[in-house]
Amino acid sequence: TLKQVCKTAGEKNIHLVTFTEDAFLIDYRREEEFISIAKEQAVKYKQNILLGFDLSENENGKNENKIVFLDADGNILVDYTKNMLIPIVESFLYEEGDGKIPFIDLTIDGHPVRLSFVICYDSDIPEFTYKINSETDILLVPSWDWKAIKNLHNVDIASAICSTLSESFPETSGRKRNRKGSRRSAVKKSSHMLLPPPRAGR
């Protein structure tokens, strides 16, 4: 449970606790209550907490695949909805995000750090990951991976990081341009979609 994980992390003096994509399934009417519980844990154990959760049908009749990032004072610094929805599996059932990639500056255990956030399939789309701020120190990518996609997904995340670094170091750019000048990742992607197995309770 949320409380148990935070308690265990607190006993080990861990200052950043992260959960996977869809770690919790929450009724949209209880989102505020759920986040309030997480805020209490953040303050109690002086933790920064990344929550990954799935909101059941909202007022628009759609689910939301979300992350919320809390600082050690219980403040919400990031409230982000997944942008790149998996075709068929999510595209008809889920709300799409606003197209922006969060970037925050904060201090964790006395160390300044700059964080950016995306969720799972967001990191697989070069046209989207080019928006990651080039000053990012840590890119947090909560994911729900399965065996067939795990290695490909790791390659795509690495590609996203390389393309972001190339904004700061263009002479080592990992990108190529097509004839129209649009940017493409130098890392080749799979030519076919690997769909995940059904999720429990769906």
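**Cysteines, helices and a buried proline**

Me: How many disulfides does the structure hold?

Reply: Happy to start there: this is a predicted model, in which local features need pLDDT of at least 70, side-chain atom pairs count only at pLDDT 80 or more, and totals for chains, interfaces and linings use all residues. Residues are numbered from 1 along each chain as its sequence is written, and side-chain values use heavy atoms, with hydrogens and water left out. Counting as a disulfide any pair of cysteine sulfur atoms within 2.5 Å, the number in the structure is zero.

Me: Is Cys6 buried or exposed?

Reply: The scale is relative accessible area, with buried under 20%, exposed over 50% and partly exposed in between (1.4 Å probe, protein chains only). Cys6 has a relative accessible area of 0%. It therefore counts as buried.

Me: What is the relative accessible area of Cys120, and where is its place?

Reply: Cys120 is buried too, with a relative accessible area of 6%. Its place is in the loop between strand S7 (111–117) and H3.

Me: What is the phi of Cys120?

Reply: Most residues other than glycine have a negative phi. Cys120 is not a glycine, yet its phi is positive, at about 40°.

Me: Which loop holds Asn13, and what is its phi?

Reply: Asn13 belongs to the loop between H1 and strand S1 (16–18). It counts as exposed, at 55% relative accessibility. Like Cys120, which has a positive phi, Asn13 is a non-glycine residue with a positive value, near 60°.

Me: How many helices and strands are there in the protein chain?

Reply: Elements are DSSP runs numbered from the N terminus, with helices (H or I) of at least four residues and strands (E) of at least two. Starting at the N terminus, their order is α-β-β-α-β-β-β-β-β-α-β-α-β-β. The count is four helices and ten strands.

Me: At what angle do helix H1 and helix H2 pack?

Reply: Axes are lines fitted to C-alpha atoms, for helices over the stretch in contact, and angles run from 0 to 180 degrees between N-to-C directions. The axes of H1 (residues 2–11) and H2 (residues 31–45) are 10 Å apart, and the angle is about 10°. That makes the pair roughly parallel, a class for angles under 35 degrees, whereas over 145 is roughly antiparallel, 65 to 115 roughly perpendicular and the rest oblique. So the packing of H1 and H2 is roughly parallel, at an angle of about 10°.

Me: Which residues make the contact between H1 and H2?

Reply: Contact means heavy atoms within 4.5 Å. On the H1 side, the contributors are Leu2, Lys3, Cys6, Lys7 and Gly10. From H2 come Phe34, Ile37, Ala38, Gln41 and Tyr45.

Me: How far apart in space are Pro142 and Gly52?

Reply: Pro142 sits in the loop between S8 and helix H4 (147–168), while Gly52 is in strand S3 (residues 48–55). Both are buried, Pro142 at 6% relative accessibility and Gly52 at 0%. Although 90 residues separate them in sequence, the C-alpha to C-alpha distance is 7.0 Å.

Me: Which strand holds Ile67, and which residues does Ile67 touch?

Reply: Ile67 is part of strand S4 (residues 64–70), and it is buried at a relative accessible area of 1%. Leu51 is 16 residues away in sequence and 5.3 Å away in space, C-alpha to C-alpha. Leaving out residues up to four places away in sequence, Ile67 touches Leu50, Leu51, Gly52, Val78, Asp79, Tyr80, Phe117, Ile119 and Pro142.

Me: Is Ser134 buried, partly exposed or exposed?

Reply: Ser134 is in the loop between helix H3 (126–129) and strand S8 (138–140). Phe103 is 31 residues from Ser134 in sequence and 9.9 Å from it in space, C-alpha to C-alpha. With a relative accessible area of 30%, Ser134 is partly exposed.
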